[in-house]
Amino acid sequence: MAVVPEEMTCLLKEKENEGYTLLTRPVPVPGPADVIIKVDRVSICGSDINLWKWNDVARVIATVPFIPGHEATGEVVAVGSGVTEVKLGQRVAVENHYYCGTCYQCKEGRGDICQRLSQYGHGRGTDQGGCCQYSCVPARFCYVWRTMQWRISVWLGRTCWCWAVDLWDWAREVYGVDVDPERLSLALQMGATEVINGAKENITSVVMNLSNKNGVGRIVEASGAASLLNQSFSWLRKGGQMVLIGLPKEPLHVENVLTDVVFKSLTLKTVHGRRIFHTWEECERLLADGLVNVGPVVSHRLPMTQYLHAFNLLMTGAACKIILDPQH
Ligand SMILES: [Zn+2]
Ligand SMILES: [Zn+2]
């Protein structure tokens, strides 16, 4: 069993300015309902880049001070006196949406959209996050891996590009849209049937040609680029669905509301978080059964001490998904 030291290395967002600081802090002491996780891996999400920059999005989603990192996994090395659901030595991942359990949405089983949501890695209701060697997490927000190798448990973040998706249960055709040729070739590797370079091609005419002028059944918008999103309603076919995952920083505007929205009888679905813990179980099953291979999306694995390099790679577009190791 791992021996828990008194001090640890962590990243900290101390003030409302750009960047993080690498420093030494005491290892937290668990309360009766908490566990201490020795963090093996923490991955960097798109929202972490907003937090790093401390832009307008960060001001909405976070409160300083906090340890960043909300996609973390590791081994339980200490448990509080009242913890029964998690055991020492188990591999867990952190559900970063800390729901209250008592509001209207929580009672409906929708902790992911809790009215009093706290958030791990965002300074909301906790200063804890995954960019540290030992993290204190309430046991009820730990997902215990059942079948998987623990190393893949960092994967419930957002995708890196905008997908125009034609999905009926399992997608027959998937069109990946981006402006970066490397990401487009990655999309092909990951199973996209077609890719469209928005910087070189007219997305509207390509989508219409590919779909026999019908438009696509579902768009999963993960780029957050307002200009792209504004025109993408015209790519949907009648009865289609728009799924918003990306975080637009500007207002949204649809030019032809009647023909592109109302008369299409569309469904708008916005995604904040995941079903707790149903989505975890589904993802674990997909990965365990080999139906999804997330490996190609990981462009870099780095020691956490190289965090400056990691964020530089991400902000210059030279990386896709980066996984940090806080123990080195
Ligand atoms: Zn709630
Ligand atoms: Zn994330």
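Student: What share of the contacts with a separation of 6 or more comes from residues 24 or more positions apart?

Tutor: Two residues are in contact if their C-beta atoms, placed from the backbone, lie within 7 Å. Of the contacts in the chain with a separation of 6 or more, those between residues 24 or more positions apart make up 63%. The model is predicted, so local features need pLDDT of at least 70 and side-chain atom pairs count only at pLDDT 80 or more, while totals for chains, interfaces and linings use all residues. Residues are numbered from 1 along each chain as its sequence is written, and chains are lettered from A and ligands numbered from 1 in the order in which they are written. The share asked for is 63%.

Student: What is the radius of gyration of the chain?

Tutor: Taken over C-alpha atoms, it is compared with a globule rule of 2.2 Å times the number of residues to the power 0.38. For 328 residues a compact globule would have a value near 20 Å, and the chain agrees with this at 21 Å.

Student: Which residues of helix α4 are buried?

Tutor: Helices (H or I, at least four residues) and strands (E, at least two) are DSSP runs, numbered from the N terminus. A residue is buried with 20 or more other C-beta atoms within 10 Å of its own, exposed with 12 or fewer, and partly exposed in between, with C-beta atoms placed from the backbone. In α4, residues 181-189, the buried ones are Leu184, Leu186 and Ala187.

Student: What covers the buried residues of α4?

Tutor: On the other side of α4, Pro181, Glu182 and Gln189 are exposed. The cover over the buried residues includes β11 (173-178) and β12 (194-197).
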